[in-house]
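Trainee: I am new to this structure. Please take me through one part of it closely.

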Amino acid sequence: KKSIEHEKVQMDLYTSELHNKTLIGMVDGVRTLKHDYNNIMQSLNGYITTKQYDKLAEHINGVLGECNIVNNLSVIDPKIFNEPAIYGIVGSKYFLANKENITFDFDIMTNIAKIDFSKPNLSRILGILLDNAIEATKKANKSYIRLEIKYDKRKNADVIRIFNTYDTNIQIDLNKIYEKGFSTKEVKSGIGLWEVKKLIDKSKNSQIYATINNDMFVQNIIIEKTEQ
């Protein structure tokens, strides 16, 4: 009992620290944008006046990128990621990706706490998949990760998708990636995705499969609702 209580206190402390970190990041980001507002407007006017529209588009994309970072931090919120285990794992992976200068976007459109799947197992799965995504995108021309968690009314299922760029020179056999020992890494272990598949298969209402869409590697998890 004491051990469980200690772990709960540690988890609550970690959650508070993570939330504070995201709030500080948001405040700093907004302050930076506010401080640079006049400079940004003058720069845009300069490009328009000189009709350098190609450079204007590049400048606007840079500003939007900074805004996107602030928006993402607002999404990493305990009220949206309303399951501590999921909040903790996604938050930690976001800051890890940010440290590696990897763009990490979110689109959360479901109640995570009501996903019909073991939350400790789901946190393990997301941890493995996001670690893989971070490693893979480091070798791509553009470093980008996107996490989507949505409810599909037609399927009556929650759908989790993790998109990441990767080295397209590597040929990936989508039929073998969940086999034990399979890996595209130079140092091969081949345990991660095999372990993910084992955790998914424990639940009869869930499945996982991978796809490649427009040079993006995508892990798709479908978790059907069992409660009416």
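Trainee: How many helices and strands does the chain have? After that, please look closely at the aromatic rings around Tyr 94.

Mentor: The chain has six helices and five strands. Both are DSSP runs numbered from the N terminus: helices (H or I) need at least four residues, strands (E) at least two. Along the sequence the order is α-α-α-α-β-α-β-β-α-β-β. Two ground rules come next. This is a predicted model, where local features need pLDDT of at least 70 and side-chain atom pairs count only at pLDDT 80 or more, while totals for chains, interfaces and linings use all residues. Residues are numbered from 1 along each chain as its sequence is written, and side-chain values use heavy atoms, with hydrogens and water left out.

The pLDDT is the predictor's confidence in each residue, from 0 to 100. Its average over the chain is 79, and 66% of the residues score at least 70. Residues 186–190 fall below 50. Beyond near neighbours in sequence, that stretch still has eight contacts in the model (heavy atoms within 4.5 Å).

Now the rings. Rings of Phe, Tyr and Trp (its six-membered ring) pair if their centres lie within 6.5 Å; planes under 30 degrees apart are stacked, over 60 edge-to-face, the rest tilted. By this rule there are five aromatic pairs. One of them joins Tyr 94 and Phe 104: it is tilted, with 5.8 Å between centres and 40° between planes. This pair links distant parts of the chain, 10 residues apart: Tyr 94 lies in helix H4 (residues 84–99), Phe 104 in strand E1 (residues 103–109).

Tyr 94 is at 3%, so it counts as buried. Phe 104 is buried too, at 2%.

Tyr 94 also pairs with Phe 106. That pair is tilted as well: 5.7 Å centre to centre, 40° between the planes. Again it links distant parts of the chain, with Tyr 94 in helix H4 and Phe 106 in strand E1, 12 residues apart. Phe 106 is buried, with a relative accessible area of 9%.

Tyr 94, Phe 95, Phe 104 and Phe 106 form one aromatic cluster.

Methods:
Buried means under 20% relative accessible area, exposed over 50%, partly exposed in between (1.4 Å probe, protein chains only).
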